[in-house]
Amino acid sequence: MHNRGYKTLKEVMNFYNKGSGKAFGFKVGNQTLSDAPLQLTDKEIDNIIEFMKALDD
């Protein structure tokens, strides 16, 4: 992730899936992301990661 807090796409996806910073109790005053969990399954997360890996110019 941009701050090097996570090293893999799976870790980043799990972070967002759980509700991002606010859901983890981080005091992020400028966060505009929802803190609602995405409720993605492991398979859905894996599919999103595979899609991102397929993006190429």
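Lysine 18 is found in the loop between α1 and α2. From its C-alpha to that of isoleucine 45 the distance in space is 12 Å, while the two residues are 27 apart in sequence.

A word on what you are looking at: this is a predicted model, in which local features need pLDDT of at least 70 and side-chain atom pairs count only at pLDDT 80 or more, while totals for chains, interfaces and linings use all residues. Residues are numbered from 1 along each chain as its sequence is written, and side-chain values use heavy atoms, with hydrogens and water left out.

Now step back to the whole protein. It has three helices and zero strands, and from the N terminus on the elements run α-α-α. Helices (H or I, at least four residues) and strands (E, at least two) are DSSP runs, numbered from the N terminus. Taken along the principal axes, the C-alpha atoms fill a box of roughly 35 × 25 × 20 Å. Among contacts between residues at least 6 apart in sequence, 31% join residues at least 24 apart.

How much of the protein is buried? Of its 57 residues, 18% count as buried. Buried means under 20% relative accessible area, exposed means over 50%, and partly exposed is in between, with a 1.4 Å probe and protein chains only. The accessible surface of the protein comes to about 4,700 Å², and 53% of that belongs to carbon and sulfur atoms. These areas come from the Shrake-Rupley method with a 1.4 Å probe, and for residues only the protein chains shown count as cover.

Take valine 12, which lies in helix α1: it counts as buried because its relative accessibility is 14%. Valine 12 and leucine 33 are 21 residues apart in sequence, and their C-alpha atoms are 14 Å apart in space. Just after α1, glycine 19 takes a positive phi of about 120 degrees.

Another positive phi, of about 60 degrees, belongs to glutamine 39, although it is not a glycine. Glutamine 39 has its place in the loop between α2 and α3, and it counts as exposed because its relative accessibility is 67%.

Next, the charges. The protein has 8 positive and 8 negative side chains, with the centres of the two sets 9 Å apart. Lys and Arg count as positive and Asp and Glu as negative, while His and the chain ends are not counted; the place of a charge is taken as NZ of Lys, CZ of Arg, CG of Asp or CD of Glu. Side chains of opposite charge can pair when their charged atoms come close. How many salt bridges does a search of the whole structure find? It finds one, where a salt bridge is a side-chain nitrogen of Lys or Arg within 4 Å of a carboxyl oxygen of Asp or Glu. The side chains of lysine 10 and aspartate 46 meet in it, at 2.8 Å from N to O. This pair links distant parts of the chain, with lysine 10 in helix α1 and aspartate 46 in helix α3, 36 residues apart. Lysine 10 is partly exposed at 29% relative accessibility, and aspartate 46 is partly exposed at 34%.

We finish on the surface. Leu9, Ile48, Phe51, Met52 and Leu55 form a nonpolar patch there, with about 430 Å² of accessible area together. Patches are made of residues with over 30% relative accessible area and no salt bridge, where like charges are joined within 9 Å and nonpolar side chains (Val, Leu, Ile, Met, Phe, Trp, Tyr) within 5 Å. Helix α3, residues 42–54, gives the most to this patch, with three residues. Leucine 9 is found in helix α1, residues 9–17, and is partly exposed because its relative accessible area is 36%.

Methods:
Contact = heavy atoms within 4.5 Å.
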